[in-house]
Amino acid sequence: DVPSLEVFKARLDRALTSYFSYVHLLFIAKCVDIALSSCTDVAYTQMMYPNFLDQKSREVIEYSSEYILISVLHNLLQGECNPDLRLLGCSVLAPQCEKDKVIKPCRHVCENLKKNCLPAFDAIDMAWPYFLDCDRFFAGEEEGCFDPLAKLRGEVDVEEDLPSDLPGTFIQFKHHSYSQMVSMLKKTASKCSHIATTYSIGRSFEGKDLFVIEFSTKPGHHELLKPEFKYIGNMHGNEVVGKELLIYLAQYLCSEYLLGNPRIQTLINNTRIHLLPSLNPDGYELAAEEGAGYNGWVIGRQTAQNLDLNRNFPDLTSEAYRRAGIRGARLDHIPIPQSYWWGKVAPETKAVMKWLRSIPFVLSASLHGGELVVTYPYDYSRHPMEEKMFSPTPDEKMFKMLAKAYADAHPVISDRSELRCGGNFVKRGGIINGAEWYSFTGGMADFNYLHTNCFEVTVEVGCEKFPLEEELFTIWHENRDALLNYMEMVHRGIKGIVSDKFGNPIKNARISVRGIQHDVTTAADGDYWRLLPPGTYIISAQAVGYSRVMKRVTLPAKMKRAGRVDFVLRPVEAWPNKLLRRSMEDMYDPYDPLELFDPHAQHGQPEARGGSPPGREKPWWWSYFSSLDLHKPLWLLKQH
């Protein structure tokens, strides 16, 4: 059929419009500063009009359904895949411009994101947006594309170049931005690649990787009988000293190992060390905007979701108090109550909990700021109405020994002067039971102790939360030996392997200490570690289907290495202790949302949050676009 004159004119008009838009891009368009409020945090500063959708001005873009979508995706998907999707959308709506030339975003970035995030769109019955068509608006690397998500991985705003003649042991005592921190950790791991590696335990609410640097003789792998240790910093975003200390510590461990420092070599050769400098990088960015020297107590403390991470963990302490009076009940490996998941749980919190499940940590410390003291569990009072009440764990002696290991090696904390930062704690030796200082629930230290094998203390490393850079050198030297001394405490107590008579390791066997109502369990290889102060103990090992074996152990006061205590268990046909069997077999709840959580995809596999119920023409999210009259996004409707 021959098209009518009107159809021919319309086609000609569209063709001419496309042609002149292309000519405009090639010869007339210039780079301009990005003024779109939802795209101001991209990794570049200039864009070009018209964009890839032929939108010719800021006003046209801001009133478009495409722009509204990237602005509300965070809410529609409940944080899933964001800010990744928003930044990807910005790379199309506000294309990167350099020297008056547009650079297309990389196709492989789009394809990877679509693969991971398409289930989130399916869950709300939404089609994949047409302007995120990976073939149409994106380019291959051979065409010179850019990665719009590079900023999330710390690949931009890198550390400034330092003079080449500096010694290998040089540490720059400065505040590090998120990307500078990531760059420094990667450089350090590369410098000591035979003993170090970096990895991410997940992502923050705003999509930043929670980077860890690990030191071990076999990086990336658990080694039999080698204890696992971790330091966590910057849990509160405005308490930055812990973050910087761990960045300096990473550099120090690397350089001193290479120089042959016997203390550092012994530590790394016999310990697997994990350093997580910033658990709250989103909060840090807010605090950093205020600048160093601002001793703020609010701005940046919480996450981008306005959550205090040290109040966001499950309250297992209340359950421990309830169990304490029940004969035979254990105060360890308490499962997470289902009611916990009804509240708002930060992705950072979930990432830590998943991390604790994946590695058999023995000892840990969280570095905070605002005081100068070491606190230890419990942090939640035995009587909730009592804000300051001594509330010890069954391992009170061991926790005091651990806290003193840090405090006594810190020249200021151990100073007897009361007219200084932390002077209120001088008579206590610079340490205090957490609940006796002030009680709070949902803390990370209590969760470590009651849900896993890990013992954790909290170190308040200074009264100034965000000190000036010129103070950092002194702070490092005050804390360096204390950091090392505390790490070495992971080798106190006993360790060993639990196996059957054929030498096969037994996983999840319980190691009990008579008189201490708190057990530890064996790891996948049958190895275990039990922190204990000097003394004589009756130790027993038992597992489902095996008989109990008991041994008497004496740990001398001067012994600084874990004593080796192995157990060989024999099978039994009957299992008499039903309470113990249930607690060992059902260590974690059969329905456990944490098992389904993918920390690197922000919120794991999404559950259905809506869709189009029978008889309803439009899905629930359609109301977000109600302000658009003639340009509603029909392309988001699957049936369309």
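These legends walk through several close-up views of the structure.

The model is predicted, so local features need pLDDT of at least 70 and side-chain atom pairs count only at pLDDT 80 or more, while totals for chains, interfaces and linings use all residues. Residues are numbered from 1 along each chain as its sequence is written, and side-chain values use heavy atoms, with hydrogens and water left out.

**View 1. An open sheet of eight strands.**
Helices (H or I, at least four residues) and strands (E, at least two) are DSSP runs, numbered from the N terminus. Here eight strands line up as E5-E6-E8-E7-E9-E12-E10-E11, with mixed pairing; two strands pair if DSSP finds at least two bridges between them. At the edges are strand E5 (196-203) and strand E11 (431-433), each pairing on one side only. From one strand to the next, the twist averages 25°. Strands of a sheet pair through backbone hydrogen bonds, either parallel or antiparallel.

**View 2. Strands E7 and E9, with two helices against the sheet.**
Strand E7 (residues 228-233) pairs with strand E9 (residues 361-368) in the parallel sense, over six bridges. Look for Glu-228, which stands opposite Phe-361 in E9. Helix H14 (residues 444-451) packs on the sheet and touches E7, E9 and strand E12 (455-462), where contact means heavy atoms within 4.5 Å. The direction of H14 makes about 165° with that of E12; axes are lines fitted to C-alpha atoms, for helices over the stretch in contact, and angles run from 0 to 180 degrees between N-to-C directions. Helix H15 (residues 472-488) lies across E7, strand E8 (272-276), E9 and E12, and runs at about 145° to E7.

**View 3. Helix H12, end to end.**
How far apart are the end C-alpha atoms of helix H12? They are 18 Å apart, which agrees with the 18 Å that its 13 residues (396-408) should span at 1.5 Å a residue; the expected span is 1.5 Å times one less than the number of residues. The buried residues of H12 are Glu-396, Met-398, Phe-399, Leu-402, Ala-403, Ala-405, Tyr-406 and Ala-407. Buried means under 20% relative accessible area, exposed over 50%, and partly exposed in between (1.4 Å probe, protein chains only).

**View 4. Salt bridges.**
The structure holds 30 salt bridges, each a side-chain nitrogen of Lys or Arg within 4 Å of a carboxyl oxygen of Asp or Glu. One of them joins Asp-135 to Arg-107, with the closest N and O atoms 3.8 Å apart. Asp-135 lies in the loop between helix H5 (107-123) and helix H6 (178-191) and Arg-107 in H5, so the pair ties together parts 28 residues apart in sequence. Asp-135 is exposed at 60%, whereas Arg-107 is partly exposed at 22%. Another bridge links Arg-510 and Asp-519 at 3.3 Å, N to O. Arg-510 is buried, with a relative accessible area of 1%, and Asp-519 is buried, also with 1%.

Thr-522 sits in the loop between strand E15 (516-521) and strand E16 (527-530). Is Thr-522 buried or exposed? At 3% relative accessibility, Thr-522 counts as buried. Its side chain reaches the backbone oxygen of Ile-506 at 2.7 Å, and a polar atom of that side chain lies 2.9 Å from the backbone nitrogen of Asn-508. Not counting residues up to four places away in sequence, Thr-522 touches residues including Val-498, Lys-507 and Tyr-528.

Conventions:
Polar contact = N/O pair within 3.5 Å; in protein donor to acceptor, adjacent residues only side chain to side chain.
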